[in-house]
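Let's take a walk through a protein model together, one stop at a time. Keep the structure open beside you and find each place as we reach it.

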Amino acid sequence: MERIIGMHGNNKKVIVVGLDGATFTLLEQFVQEGRMPNFQKILREGVSGILQSTVPPVTAPAWCSFATGKNPGKHGAHDFIVKNKDNEMVIINSQRIKGKKIWDILGDYNKKVGVIHFPISYPPEKVNGFMLSGFISPPNKKNYSYPEELYPDLLKETGEYIFNVKVPEKKNWQQTGLEDIRPFIDKLYHETELRYKAYRYLKRKHDCDFWYLLFMSFDKIQHVLWKFLDINCRNHDRGKIFDYIIKCYEQIDGILGHILSELDNNTSMIVLSDHGFGPKDKWLYVNVWLEKNGFLQKNLVKLVKEKVKEKLGFRSGKYFEGIPAPTVKRHEFLNLQRTKAYSPNSSSYGIFINLKGREKSGIVEKGKDYERLRNELRDRLLSYKDDETGTNVIDEVYFSDQIYHGPFQQNAPDLILCPAYGYMIIDSFSVSGKCLVKVDVPEGTHRPEGIFIAANNKDLMHGARINDINIIDIAPTILYLMGLPIPSDMDGKIIAPMFNDAFLKSNSPVFTESEAGTIASANEDVYSEEDDKQIRDSLKGLGYLD
């Protein structure tokens, strides 16, 4: 492992509190209403700003870019569903994230770390400290922690632990009553309660230099109950349901207050989200659009058979209830010999070109044909307008090599779509045959604008609002704050405006030419068939998969 002369290590500590899906759109609204006083205090005493997520703004690539300081082309986690060595789409796991993460680098410098609920941390990794697995963890396993004995020991203290609260299947979340949503909110509240209890217990047992602690209740609530939260939302409905939902936000506010009150002069707290949120007014059925524009052809025989099974009640999978028309999976229902481009799953926000030599049934030639096709797709998508409003449906279309670089750029979709405000990509086929389908009542969907707040008593600015922060900037900034060298292959930059002049003047950044070691590739296929099914069902509940 390469070391660099002049390293200026210090005794600084950092606590990272992740609030999955947190958005200033809601949180500033709740602050103004006096519902989140501790959040208001952190904003007043710390430095804050909008945190730009990855493209697309999805949990898997975003949190992995936070942890590595790198773009998805380097860490390989473009989505929850990624390509394996056989070019097949599989669910991601911790062993598919390539390169050093922030806690690996800290461990190499003998800093002790505690990682609780990083979303893609199954199977848990060996670290200098401990790791408790997160969101994408299959049920009914034993190895949920490193060291392995940590999890059963924790259960003796907490009695139980919840890795994931599934979004229940509901006839219509937007027309539900309080009694219908109460069990879901209660489970989320209890999950958060248990996670914070676990953090308190583990904090008593482990003196860590770095903590990562993630809460996911905001994201899950906002996906299905957005109209009850955002006062600017179409069909906003504030009443008893809002009063019940808001207790989850007040719960997190209380936790932030406790953590803030315990900070000493050598400890900083960073609060951030992986992405923001906004309303989802219309679905763009991207594969339907591709079909209508001559880029895709369905396998009608398989499609009809599936619809018959669905009508007769024999269909094995269930679709997300927020989708306004019955849908079916897309890939196995394509005529790949006549399909030039397709979208594999909603959360990829992407389109793959059916390229010869890469796809098993590729028909598009490399070179000029490929370039011509992706240019045509981009131009047509950017000019596609909503007939009802006359506005563009897509804000931007990126080629993968425009925004990703690294050894795994080739595994990304060929085109990545950025929907306009209020629109959401879906990959399935609508029965109506329409490209755009209106959501009866606005649901929530991801937006790129997340949150960033940092606070301590000594080294950071107070009450400042800063701009131009990206999620890849967090890892190098933490290393700088803790006086450690920053690997030169990180894509992120130090967030210099968050530090006061005294700290900047007395702490010059130091860089290494290479990472502090490498992680050997292990068996990447860790899920059983039943594990795979249950994880996919959980992702469907949030609209990541159809």
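Just after helix H14, Gly-483 takes a positive phi of about 75 degrees. Helices (H or I, at least four residues) and strands (E, at least two) are DSSP runs, numbered from the N terminus. This is a predicted model, in which local features need pLDDT of at least 70 and side-chain atom pairs count only at pLDDT 80 or more, while totals for chains, interfaces and linings use all residues. Residues are numbered from 1 along each chain as its sequence is written, and side-chain values use heavy atoms, with hydrogens and water left out.

Is H14 itself mostly covered or mostly open? Helix H14 spans residues 474-481, and eight of its eight residues are buried, where buried means under 20% relative accessible area, with a 1.4 Å probe and protein chains only. Among them are Ile-474, Pro-476, Thr-477 and Tyr-480.

Now step back to the whole chain. The protein chain contains 16 helices and 21 strands, and 60% of its 546 residues count as buried. Contact here means heavy atoms within 4.5 Å. If you take the contacts with a separation of 6 or more, 74% of them are between residues 24 or more positions apart.

Next, look for a sheet. Three strands form an open sheet in the order E15-E10-E16, with mixed pairing; two strands pair if DSSP finds at least two bridges between them. Strand E15 (423-426) and strand E16 (436-447) are the edge strands, each pairing on one side only. On average, neighbouring strands of this sheet are turned by 45 degrees against each other, direction ignored. For such angles, axes are lines fitted to C-alpha atoms, for helices over the stretch in contact, and angles run from 0 to 180 degrees between N-to-C directions.

Which strand is joined to E16 by eight bridges? That is strand E10 (residues 276-285), and the two run antiparallel. Along this pairing, Pro-279 has Gly-444 of E16 as its bridge partner, and Lys-280 stands opposite Glu-443 in E16. Helix H8 (residues 217-225) packs on the sheet, touching E10 and E16, and its direction makes about 165 degrees with that of E16. Ten of the twelve residues of E16 are buried, so this strand is largely enclosed by the rest of the structure.

Loops deserve a visit too. Glu-359 sits in the loop between strand E12 (350-353) and helix H12 (368-382). Why does Glu-359 count as buried? Because its relative accessibility is 9%. Setting aside residues up to four places away in sequence, Glu-359 touches Lys-83, Asn-87, Tyr-342, Phe-352, Ile-353 and Asn-354.

Another loop, between helix H11 (300-312) and strand E11 (341-342), holds Asn-335. Asn-335 and Lys-298 are 37 residues apart in sequence, yet 5.3 Å apart in space, C-alpha to C-alpha. Beyond its neighbours within four places in sequence, Asn-335 is in contact with Gln-297, Lys-298 and Asn-299.

The largest cavity has a volume of about 90 Å³. His-78, Asp-79, Ile-81, Asn-411 and Pro-413 lie nearest its centre, among 13 residues that line the largest cavity. A cavity is a set of points on a 1 Å grid over the protein atoms alone where a 1.4 Å probe fits but cannot get out, and lining residues have an atom within 4 Å of a point. Grid points are joined across faces, edges and corners, and a volume is the space filled by probe spheres set on the points. Strand E3 (residues 81-83) gives the most to this lining, with three residues.

How values were computed:
On a 1 Å grid over the protein atoms alone, a cavity is a set of points where a 1.4 Å probe fits but cannot get out, and a pocket is an open set with protein on both sides within 12 Å along at least five of seven lines; lining residues have an atom within 4 Å of a point. Buried means under 20% relative accessible area, exposed over 50%, partly exposed in between (1.4 Å probe, protein chains only).
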